[in-house]
Every structure is written in C-alpha cells, then in structure tokens.
Amino acid sequence: MQVNTRATHAATVTQMTVLQTDIARLQTEISTNRRIALPSDDPVGSARATQLTRLLALHAVDKANIDRATTRLTAADTALDGVGTVLQRAKELALNGATGTLNASDRATIAGEVQQLGEQLLGLANARDSDGASLFAGARTGSAAYAVDAVGAIAWQGAGSAARIVLDSGSVATGLDGPAVFAGIDGGIAPPPVSAPIVTDVFAVLKGLQTALAEPDPAVRRAAMANALTGIDSGIGRAADSRAAIGAKLARLGSETTRLDTVDLALHDDLSTTQDTDMTTAIAQLQRLTTVLQATQLSFVKISSLSLWTELR
Amino acid sequence: MTDLLSIGASGVLAYRNALAVVGDNVANANTPGYVRRTLVLKNAPAGGVGDPLFRDIGTGTGAQAGTVARAYDALRTQAARNADSDVGRLTTRAEWLTRVQSTLGVGGASLVTRVSGFFDAARALAASPTSPAARTLFLDSADGLAAQFQATAAGLKSVATDLHSTATTMTAQVNGLTATLAEVNLQLKRTGASGEAANALLDTRDRTLGALSALVRITPTESIDGSVAVRLGEGDGGPLLVTGTTAIRVGVQSGATGLDLVIDPTGAAQVTRLPASGSLAGLIEAGRQVAATTLSVDALATRLADAVNAQHSLGVDGNGADGTPLFTTRGLEAVSAAGNAGSATLGVTVVDAAPVSALGYVMRFDGSAWSLARSDGSGSVSGAGALSLDGVTATPSSGARAGDTFTLNAVNGAGGIGLRRLLPAQVAAADRWLSDAGAANAGTVKLSTATDPAAAGLPPLAAYRIDITGPATANIVDPATETVLSTAAIDGGSIAGAGFHFSLSGTGVAGDSFRITRTGAGSGDNGNIAAFAAVRGQAGPGGTIEVSLDGIVAGIASTLSDTNALAHGATAVQADAARAADAVSGVDLDQQAAELQALQAAYKASSQVIQTARDMFNTLLTAVH
C-alpha cells in the first residue's frame with residue numbers, strides 16, 4: 001500500500017481546520033456564556049429556552065401590572081380610611097346633636113359641620129389615583145364618581161365595574177365601585193305612613209342628619225336623628241368591610257408576587273441550565289482540544305519533514 | 001559485441017523513459033485529478049530473426065518501454081465521487097438553511113420575540129387602559145411586529161431569489177461539465193484508450209466526472225474505448241446526461257413546492273426526480289424548505305392579523321368610537337413590465353383601510369394618458385398624471401413611452417401586514433358595553449353581557465335598564481323615556497340587544513335593576529384588551545400562534561442541526577473514500593524517490609553495459625591489430 005502525499009497533507013490540514021473551528025466555537029461559548037448561539041446548535045434546548053424566556057417576560061409584565069393594581073388599591077384604601085374618619089366624626093356630631101339640652105343655634109352649628117363633612121365625603125368618593133383615574137367610578141374612570149344631580153341629590157356617575165387585571169390564577173379587580181362602598185346601606189325605618197326599611201347611601205344619610213338637626217319638631221327630629229345614626233353606623237360598617245375587601249385583594253396580589261418570584265427563580269435556573277455554557281466542561285474541553293491541535297501541528301511538521309528526497313544527495 | 005551494445009542502449013532508453021514517468025509523477029504530485037503513471041518495462045523480443053553470423057539467438061535483445069499505465073481503480077474512484085456528492089448536498093443545504101434560520105431572527109429581533117412582545121404589551125395595557133404611555137407602547141410593539149413580519153417575508157423572498165439564481169448558475173456548470181465530457185468522449189474515440197494523449201484525456205474525463213458529481217449524483221458507465229455514458233442519480237434508471245458525444249442539458253424551474261429539476265429545458269422539459277445527492281440537490285431541497293417556510297409564515301401572519309383585527313374591532317377606543325382593525329393585511333408591489341421602453345417609475349400609496357383588490361392592478365401608458373385598472377378589468381380610471389382607484393394612488397414619473405406597463409401585485413401574508421396609522425387614543429382597550437347592578441338589589445340575579453355586532457333585538461340606544469319584575473321576569477326599559485322596550489325571562493338564555501346580547505340568571509326580586517351602558521370616551525375598562533389573552537391562547541392548526549411559530553423555528557433548526565451532523569459524518573466518509581482512491585491513484589513521493597533511486601541505478605548499470613561492450617570491442621580490435 002502506498003501513501004498519497006497530497007491526500008495525506010490535505011487530510012491533516014482538514015483535521016487541523018476542524019480542530020480550530022471547534023476551538024473557536026468553544027471560545028465563543030465561553031466568552032458569551034451561551035451554549036446555544038443559534039437554534040440549530042440545540043433545537044430542543046433552544047425551543048425550551050424560547051418558552052422559558054417568554055414566560056419570564058410575561059411574568060415581568062404581570063409583576064408590573066400587580067404593582068400598578070397595588071398602587072390603585074392602596075389609594076382606594078387611603079380614601080376609605082378618610083371615609084371612616086369622616087363618618088366617625090359625623091357619628092359623634094349626631095350623638096351630640098341628639099341630646100335634648102341643645103338649642104336650635106347649637107344644632108345649626110353642628111349642622112354646619114355636618115355639611116362640611118358631607119363635602120369632605122364627596123371629595124373622598126371622587127378620589128383619583130396617581131394617574132388621575134377616578135377610584136370609585138367603575139369603568140368610567142375619566143370623570144368624577146359622584147356629582148350633584150338636578151334635584152340636589154348626590155348620584156353615582158360611573159358605569160360598569162373597575163378593570164380587572166388578569167393573572168395566572170384568575171383575575172383581580174383593581175378597585176371597588178362607588179355603589180358597593182357608599183350606597184345600599186341601611187337607613188333605618190321611614191316615618192309613617194310608609195314605615196318601611198330605607199335603603200340609602202352615605203351622602204343622603206349626612207344630608208338627612210343635616211335636615212334632622214334643623215327640624216323644629218322634637219319627635220320628628222328624634223326619629224330622623226335615629227335613622228341618621230343607623231345610617232352612619234351602617235356606613236362606618238360598610239367602609240370597614242370595603243377596606244377589608246381591599247385588604248384581601250392586596251393580600252392576593254402580594255401572594256401572587258411571591259409566587260411569581262419563586263417561579264421566576266426556578267425559571268432562571270432552568271434557563272441557565274438550558275442555554276448557559278457549562279464552564280468547567282467547556283474549559284476542560286478547550287484545554288483538551290488545544291493540546292490535540294498542538295500535537296497535530298507538531299507531528300505534521302515532524303512527519304512532513306521525513307522525506308526520502310532529503311536523503312538523496 | 002554490437003548485441004551487447006544494443007542491449008545496453010535499449011536498457012538506457014527504457015530506463016530513461018521510466019525515469020521520465022517518475023519525474024512526471026513527482027511533478028504532478030500536487031495536481032488534483034492526476035493519476036499516477038507507471039511505465040511497464042518488458043524484455044525485447046528474443047532473436048530468431050537475426051543473422052546467425054552476428055547474433056547469438058540464445059540471448060535476449062534487451063529491454064523496451066511498454067505502455068504507460070494509469071493506476072486507476074474505477075470502483076474506488078466512483079465511491080469517492082459519491083462521497084463528494086453527499087458532502088456537496090449536505091453542506092449546501094446547511095449553508096442555505098442557516099440563511100433561512102437567520103432570516104427568522106435570533107434574540108430581540110426575532111419574529112418569536114416580536115409576537116410575544118406584542119401580546120405582553122397588550123397585557124401591560126390591560127393594567128393601565130387609560131395610560132397614553134401604555135397605549136403608545138402597545139402601538140409601538142404592534143408596529144414592530146408588523147415590521148418584523150415584513151422583514152421576514154422580504155428576507156425569505158431574497159433567499160428564494162438568490163437560491164434560484166444560484167441554482168441556475170449551478171445547472172450552467174453541470175451543462176458545461178457534461179459538454180466537456182461529450183467532447184472528451186469524441187476525442188477518446190479518435191485516440192483509443194491508451195497512450196499518453198489518451199491518458200491525459202482520461203485524466204480530464206475523471207476530473208470532470210469528479211466536478212460533476214460534486215454538483216449532482218451521477219452513475220457513469222465506461223466503455224472499452226474509455227468514453228463514458230453518464231446517468232443522473234443512482235443506478236441505470238436515471239435520465240441520461242451524456243451519451244456518446246451528446247450532452248443533454250438540465251435546468252431549474254419554479255414549481256408548486258419550490259424548485260424543480262428539469263431535463264432538456266429547451267426541448268422536452270421533463271421534470272425529474274431530485275438526484276439523491278450533490279450540491280444542486282441540496283440547493284433544491286433548501287429551496288423547498290424556503291417555500292414551505294414562506295407559506296407557514298404567511299399563514300401565521302394572516303391568522304394573527306385576522307384574529308387581532310377581529311378582537312380589536314369589537315372594542316371601544318379612547319374617544320368612545322368603535323374599534324377598527326389594527327393591521328392592514330394587503331400591500332401592493334409595483335413591478336415594471338420587462339418590455340418597458342421608457343424610464344418612468346411608479347410610486348404607489350394606499351389610503352388607510354382601502355378596499356385593495358386581491359387581484360392587483362395594472363397601470364398603462366398609451367402615449368398621452370395613463371390608465372389604472374383592476375387586473376380583472378372590472379374598473380378603471382384614466383388621466384394624465386396620478387390616478388386613484390379603490391384608495392390606491394399610482395403616481396408615475398415622467399419619461400414613459402407608449403405601451404409602458406406596470407403591474408401592481410397584491411401582497412398578502414407576512415409581506416402585506418402593516419400597522420394602520422392609529423393614534424394612541426384609537427386603541428380599543430375597552431369593552432363596547434358596560435353593565436352594573438343597582439346598589440339596592442336584593443335578589444341573586446346576575447347579568448352577563450357580550451358584544452355581538454350582529455345582534456339587533458332592541459332599538460339602538462346608549463343605555464338600557466333592566467327592571468326585575470318577578471322571580472323570573474324582567475322588563476327592558478329605555479332609561480331616558482322610561483318606556484318598556486321588551487320583556488325578558490331570567491332563565492340564563494341569551495337575549496339579543498342592539499350590538500350585544502345578554503343573559504339573566506338567578507332568582508329575581510321585584511324592584512331590583514341593572515344597567516347596560518355603551519362605553520363612552522376615556523373609559524378605564526380593559527375588557528377588550530384583556531381579551532387579547534384569549535387571542536394569544538387560541539389554538540389553531542399547530543397550536544397557539546406562538547407555539548406554531550416556535551414549531552416553524554424548531555423545524556428549521558432541527559433540519560439544520562441534522563444536516564450539520566450528517567455533513568460531519570459525510571465529510572469523514574469523503575476523507576476515507578478519497579484516501580482509498582488516492583492510495584491507488586495518488587503519488588507517494590517517498591515511493592517515487594525509492595523508484596527513482598532504483599531506476600537511476602539500473603540506468604547507470606545499462607550505461608556500464610555499453611561501456612563494457614565498447615571495452616570488449618576495443619580489446620578485440622587491439623588483439624587483431
């Protein structure tokens with residue numbers, strides 16, 4: 001058997017080129033810390049990395065959305081805290097005004113403060129979040145939640161319900177709607193001849209208290225004051241319930257954030273295993289390849305210098 | 001004595017020839033396709049014809065050079081050629097698939113990332129539906145998505161175009177090589193299969209066959225005179241490329257699934273099965289993958305745009321108006337006819353939401369006026385300058401000659417997608433209808449509404465009120481006039497409104513009420529944009545949009561990865577096969593050196609024989625002097 005000189009040279013050169021390509025690839029893997037530069041480097045791993053990256057991006061959006069909803073719910077909570085304080089003060093005034101020793105001008109002073117409280121309550125009901133969106137107007141966040149209508153009553157201007165943010169575990173409303181917070185409360189018993197239970201809202205209750213304080217007839221006043229107190233108590237209860245509802249939503253958002261953080265940690269881990277370079281292996285492999293390349297180069301030089309022609313003199 | 005002299009002379013001559021052959025071998029040690037020559041030495045015919053006075057018939061008459069043989073092994077050479085074909089096919093396919101893969105993009109600029117980014121932006125907008133910043137970001141990501149689809153379509157198209165022209169070049173090479181073989185066949189018929197001229201021709205023949213098999217898999221059949229018949233593909237069933245002194249041309253043409261290989265394109269034009277290997281086969285395979293990828297990406301783009309447009313149209317934008325489609329799905333591409341004599345170019349603009357014809361348009365100049373017509377001839381306009389039809393305005397520049405024609409082809413699929421010029425306020429994030437329950441409601445009735453543009457069971461109004469009148473009955477009331485429009489049953493059944501339908505379920509208490517209100521301007525509702533999550537999760541052929549796209553990318557990636565692995569293996573096989581063939585045909589310099597030494601010694605010895613003959617002659621002459 002003879003050995004073809006040209007083919008042997010070409011084969012060794014090809015071998016060295018292959019080694020150098022492998023070394024360059026490893027070098028890139030090490031310097032970029034990415035095992036997969038192109039999908040074809042590892043189709044399965046690359047598809048997995050795409051899914052993981054997509055989930056991480058989605059979770060980042062979800063976390064930002066949760067932050068946004070938390071801000072809005074916290075603003076609503078602050079407003080409801082104010083509502084509670086206003087109603088508490090109204091209750092003190094109502095109890096004070098119900099004592100028989102006060103004269104009409106004392107009651108007029110109290111009524112004046114009640115009117116202030118009413119205006120304060122309207123302000124709180126029209127509270128807006130940091131983006132200027134009404135908190136209690138349902139979906140109609142662009143305008144005030146409550147306004148004085150043609151007959152002087154304060155009516156809800158909103159429509160629909162607060163936007164819900166969508167999470168993996170279902171959706172969470174980003175606020176409470178005015179009627180659920182301020183309306184549908186127990187206003188006592190209507191005076192005869194109706195004598196039926198009254199369903200009312202806090203604005204009407206304060207208005208009623210104001211009217212009751214101005215009422216000259218003691219019997220009518222007492223009945224009206226009693227109804228006002230019932231309404232205020234009911235309103236205080238509703239404000240407390242609403243805060244509890246917001247607290248529950250905030251807790252749910254909080255636990256969702258924690259869950260996302262935990263999941264993301266695992267996803268990052270998974271992503272790193274999928275697409276990052278295993279440094280120990282890569283460096284060891286690089287070492288091995290460079291050794292092989294050096295050996296190939298040395299042996300090539302050595303063998304190609306062995307020629308019968310050099311011995312011919 | 002003269003015998004010895006001539007024997008010595010014949011040896012000198014023979015070895016000089018043999019040395020020349022070694023020299024030739026050494027000189028061609030690096031010539032690709034050169035087949036090692038060996039001189040066959042043979043003893044000159046013994047006496048018996050000579051004059052008995054001069055010649056002793058008992059001895060030989062020296063050596064003489066026989067034919068120069070080529071160290072050629074047809075089977076091994078063919079195996080090496082087949083290995084070249086395999087490598088050619090796989091490396092070419094890998095090269096082009098790499099381009100397809102990079103067209104689909106890697107990292108942030110990839111279609112995969114853009115699609116996910118678009119849906120993520122929708123989800124972010126759902127948390128701040130009134131925020132102009134979030135709306136702008138949503139439109140930006142929609143624009144990025146449309147641009148990426150267009151870039152991908154353009155990229156795939158340019159790959160397809162380049163591929164076609166490369167295939168054309170490659171078939172021209174094939175045709176050149178087969179023509180060379182036909183010519184070699186002709187000359188071989190003249191020279192016969194032996195002799196130095198024949199050897200050079202045979203070298204050319206083998207080199208040409210080698211070059212040809214790198215392009216296409218071939219089965220050559222050698223005749224006794226050294227000429228070859230070449231068939232395309234493996235075995236005796238393939239179409240003939242070279243027969244005798246005739247070469248049959250090949251060509252490529254665009255077919256339904258990409259490129260097709262055609263035999264005798266200017267004659268019988270027979271579409272043939274793709275040969276098993278060769279660069280041209282790899283190229284055509286890659287071309288088919290490009291065509292399939294283009295189809296899938298187009299289908300995906302259309303599916304995404306249609307689903308998003310439908311959903312976006314169901315909502316209400318920030319101005320309180322009904323949502324409109326987000327993307328245009330058809331573009332126009334102006335192509336100037338090949339025979340245009342003038343220098344005019346055509347600018348095309350399309351107004352928003354124009355009803356562009358799927359068939360496209362034709363713009364023609366008759367020497368004095370232009371005419372713009374739908375391609376099916378169903379409508380046309382004519383005039384001197386810019387012309388508009390169906391919202392398409394074509395503006396020709398000057399320099400046109402009579403008869404100049406431009407075709408405006410409709411571009412659908414990925415290339416036709418564009419974001420409409422929408423303002424942030426025109427993003428329809430809100431549901432079209434809002435519903436709420438009265439604060440004092442005592443019953444368990446639940447109202448659910450859904451937008452349904454086709455529903456027309458009630459007169460169109462901005463708001464409706466539903467008054468519960470009993471455990472299972474309700475009135476639908478116009479709140480502005482307190483007119484009862486209709487009655488409804490509380491049974492969970494769907495009731496048609498005007499642009500929506502609704503259902504009531506539960507047990508009613510008389511006096512309870514519900515409202516259904518048309519969403520107005522500046523709404524903080526996010527129902528419609530939140531429904532993009534459903535579009536994202538909607539399973540179609542191949543899963544959701546994102547999963548289908550992942551499938552396209554993974555399909556190319558795994559084909560490419562397989563091809564790379566196969567190419568790696570084929571390269572090793574190629575090296576082995578080439579080594580095996582070269583072991584027979586190639587030049588081993590050491591061996592040639594050794595041979596040179598041996599021949600040189602023999603040459604010297606033969607010269608010595610002449611010297612001796614002369615000495616003997618002289619001795620004899622001196623003796624008889």
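What radius of gyration does chain A have, and what would a compact globule of 313 residues have?

1. Overall dimensions of chain A. The model under review is predicted. Chain A has a radius of gyration of 39 Å, whereas a compact globule of 313 residues would have one near 20 Å. Along the principal axes, the C-alpha atoms of chain A fill a box of roughly 145 × 30 × 25 Å.

2. Secondary structure of chain A. Eight helices and six strands are found in chain A. Their order along the sequence is α-α-α-β-β-β-β-α-β-β-α-α-α-α.

3. A helix pair in chain A. Helix H5 (residues 202-214) and helix H6 (residues 218-275) of chain A pack at an angle of about 155°, and their axes are 9 Å apart. With angles over 145 degrees counted as roughly antiparallel, H5(A) and H6(A) are therefore roughly antiparallel to each other. Their crossing is left-handed. On the H5(A) side the contact is formed by A:Val202, A:Val205, A:Gly208, A:Leu209, A:Thr211 and A:Ala212. The H6(A) side contributes A:Arg221, A:Ala224, A:Met225, A:Asn227, A:Ala228, A:Gly231, A:Ile232 and A:Gly235. Sorted by class, the residues of this contact are eight nonpolar, five polar and one charged.

4. The interface between the chains. Chain A places 47 residues in the contact and chain B places 54 residues. On the side of chain A that touches chain B, at least two residues each come from helix H1 (5-32), helix H2 (43-98), strand E3 (164-167) and helix H8 (308-311). H2(A) gives the most to this side, with 12 residues. The residues on this side of chain A comprise 25 nonpolar, 15 polar and seven charged.

5. Helices H4 and H6 of chain B. The axes of helix H4 (residues 132-191) and helix H6 (residues 279-314) of chain B come within 10 Å and cross at roughly 160°. This angle makes H4(B) roughly antiparallel to H6(B). The crossing of H4(B) past H6(B) is left-handed. Residues of H4(B) in the contact include B:Phe149, B:Leu156, B:Leu163 and B:Met170. Those of H6(B) include B:Leu283, B:Ile284, B:Val290 and B:Val297. The contact holds 16 nonpolar and seven polar residues, with no charged ones.

6. Helices H2 and H9 of chain B. Helix H2 (residues 74-104) and helix H9 (residues 545-585) of chain B pack at about 155°, with their axes 7 Å apart. H2(B) is thus placed roughly antiparallel to H9(B). H2(B) passes H9(B) in a left-handed crossing. The residues of this contact are 22 nonpolar, nine polar and four charged.

7. One sheet of chain B. Five strands form an open sheet in the order E11-E18-E13-E14-E15, with antiparallel pairing. Strand E11 (331-336) and strand E15 (380-383) of chain B stand at the edges, each with a single partner strand, so one side of each has no neighbour in the sheet. From one strand to the next, the twist averages 15°. Within this sheet, strand E13 (residues 361-365) and strand E18 (residues 405-411) of chain B are joined by four bridges in the antiparallel sense. B:Tyr361 lies opposite B:Leu408 in E18(B).

8. Another sheet of chain B. An open sheet of five strands has the order E20-E27-E22-E23-E24, again with antiparallel pairing. The edges are strand E20 (433-437) and strand E24 (483-489) of chain B; each has a single partner strand, so one side of each is left without a neighbour in the sheet. Neighbouring strands of this sheet are turned by 20° against each other on average, direction ignored.

9. Strand pairs within the sheet of point 8. Strand E22 (residues 463-468) and strand E27 (residues 513-518) of chain B run antiparallel and are joined by five bridges. The bridge partner of B:Asp467 in E27(B) is B:Ser513. Strand E23 (residues 473-478) of chain B runs antiparallel to E24(B), and six bridges join the two. B:Asn475 is opposite B:Thr487 in E24(B). E23(B) and E24(B) form a hairpin with four residues between them. In the turn, B:Glu482 has a positive phi of about 60°.

Conventions. Residues are numbered from 1 along each chain as its sequence is written. Chains are lettered from A and ligands numbered from 1 in the order in which they are written. This is a predicted model: local features need pLDDT of at least 70, side-chain atom pairs count only at pLDDT 80 or more; totals for chains, interfaces and linings use all residues. Axes are lines fitted to C-alpha atoms, for helices over the stretch in contact, and angles run from 0 to 180 degrees between N-to-C directions. Angles under 35 degrees count as roughly parallel, over 145 as roughly antiparallel, 65 to 115 as roughly perpendicular and the rest as oblique. A crossing is left-handed if the near helix is turned anticlockwise from the far one by less than a right angle, and right-handed if clockwise. Two residues are in contact if their C-beta atoms, placed from the backbone, lie within 7 Å. Ala, Val, Leu, Ile, Met, Phe, Trp, Tyr, Cys and Pro count as nonpolar, Asp, Glu, Lys and Arg as charged, and the others, Gly among them, as polar. Two strands pair if DSSP finds at least two bridges between them. The radius of gyration is taken over C-alpha atoms; the globule rule is 2.2 Å times the number of residues to the power 0.38.
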